[in-house]
Amino acid sequence: MWFKNLQLYRLPTPWPIDLAKFEEQLARGPFVRCPSNQPLSRGWTPPREGGALVYALERQWLIALAVEQRLLPASVINEEVAERAAAITEQQGYAPGRKELRELRERVGEELLPRAFTRRRRTFVWLDPVGGWCGIDAASPAKAEEVIEHLRHCLDEFPLKPLHTQHSPQAAMADWLAGGEAPGGFSIDRDCELKAVGEEKAAVRYVRHPLGDEVGAEIKAHLAAGKLPTRLALTWSDRISFVLSEKLEVKRLAFLDLLKEEAEKNAERADEQFDADFALMTGEFSRFLPQLVEILGGEQAEAA
């Protein structure tokens, strides 16, 4: 249940919707198994086995979007189309035209779809209606947008906006690397990526490599040559390690062993463990995210 990524968004503070109303509106789009004649199905599923659509603890909410997809590789369709096209050619004495091939491909896809295997995945969403945070455990904005789209489909109103800070993450990361340290309770770790802004997009990556001393001098030379950081590994207060991207994505989120041991001490059963993990994770988020925003110059005010 521990999040591995955070695509970050802001809600009004506080978000004026109560738990019962939120759950009632989510129920408009529950998950159902993918029908045999459809390539994809998505909907809300209880984040905790046997529980409600919204898991709530200490004014923090957790929801989960399930997506089931039928796997029908293009190579399988192409092979079947080629065999049928060859049979048609032999039968009528000439090859089928483009329109006939297009119709044949559509027909083959419809016939094979019900026999395709399915794959299911879940994306978790943390909502803090009091603090105004929405964090989606997705590695890419596209996966997060899939969740947001279904939320907008179900909710009467969903006043969500991306998180924007006064300083761009790229400019801030460049300053930290040039100075050799990150501000506040943050420290620079051992992963970094820099890219040139030219057409070739030349890139330099340091993976599990100490970024001080000689490497630090190299990085400063790359910065002076015009390369800019696109990813930088950081640790916050010896409690959370993560990679910050130029787009303000928090990736490879890892809660250090001390935190997980803390949660295990407070739980004896599986259900208690879920409660303890979620309480500890969201408690850390409520302290970590404001500090992350602070070192990026604070939150950008909305234009009048």
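**Exercise 1. Find which residues form one aromatic cluster with Trp2, and look at how Trp2 pairs with Phe255.**

Step 1. Trp2, Phe3, Trp126, Phe255 and Phe285 make up one aromatic cluster. This is a predicted model, where local features need pLDDT of at least 70, side-chain atom pairs count only at pLDDT 80 or more, and totals for chains, interfaces and linings use all residues. Residues are numbered from 1 along each chain as its sequence is written, and side-chain values use heavy atoms, with hydrogens and water left out.

Step 2. Here's the rule for a pair: rings of Phe, Tyr and Trp (its six-membered ring) count if their centres lie within 6.5 Å, and planes under 30 degrees apart are stacked, over 60 edge-to-face, and the rest tilted. The structure holds 14 such aromatic pairs. In one of them, the ring centres of Trp2 and Phe255 are 4.9 Å apart with planes at 50°, so this pair is tilted.

Step 3. Now place the two rings. Trp2 is in the segment before E1 and Phe255 is in strand E12, 253 residues apart. (Helices, H or I with at least four residues, and strands, E with at least two, are DSSP runs numbered from the N terminus.) Both Trp2 and Phe255 are buried; buried means under 20% relative accessible area, exposed over 50%, and partly exposed in between, with a 1.4 Å probe and protein chains only.

**Exercise 2. Work out why the pair of Trp236 and Phe288 is called tilted.**

Step 1. The ring centres of Trp236 and Phe288 lie 5.6 Å apart and the planes make 55°, so the pair is tilted.

Step 2. Trp236 belongs to strand E10 (residues 228–236) and Phe288 to helix H8, 52 residues apart.

Step 3. Check accessibility: Trp236 has 3% and is buried, and Phe288 has 0% and is buried too.

**Exercise 3. Describe what the side chain of Arg10 does.**

Step 1. Arg10 and Glu299 meet in a salt bridge, 3.0 Å from N to O. The rule asks for a side-chain nitrogen of Lys or Arg within 4 Å of a carboxyl oxygen of Asp or Glu. By this rule the count is eleven salt bridges.

Step 2. Arg10 is in strand E1 (residues 7–10) and Glu299 is in the segment after helix H8 (270–295), so the bridge ties together parts 289 residues apart in sequence.

Step 3. Arg10 is buried at 12% relative accessibility, while Glu299 is partly exposed at 31%.

Step 4. Arg10 also sits over the face of Trp133, 4.0 Å from the ring centre. For that label, NZ of Lys or CZ of Arg must be within 6 Å of the ring centre and within 35 degrees of the ring normal.

**Exercise 4. Say which residues are linked with Glu68 in a network of salt bridges.**

Step 1. The network links Arg33, Glu68 and Arg120.

Step 2. Arg120 is in strand E5 (residues 117–128) and Glu68 in strand E4 (residues 60–71), 52 residues apart.

Step 3. Glu68 is buried at 2%, whereas Arg120 is partly exposed at 45%.

**Exercise 5. Find where Glu58 and Arg208, with their positive phi, are placed.**

Step 1. Glu58 isn't a glycine, yet its phi is about 50°. Glu58 sits in the loop between strand E3 (55–57) and E4, and is exposed at 63%.

Step 2. Arg208 has a phi near 50°. Arg208 is in the loop between strand E9 (203–206) and helix H6 (213–224), and is exposed at 61%.
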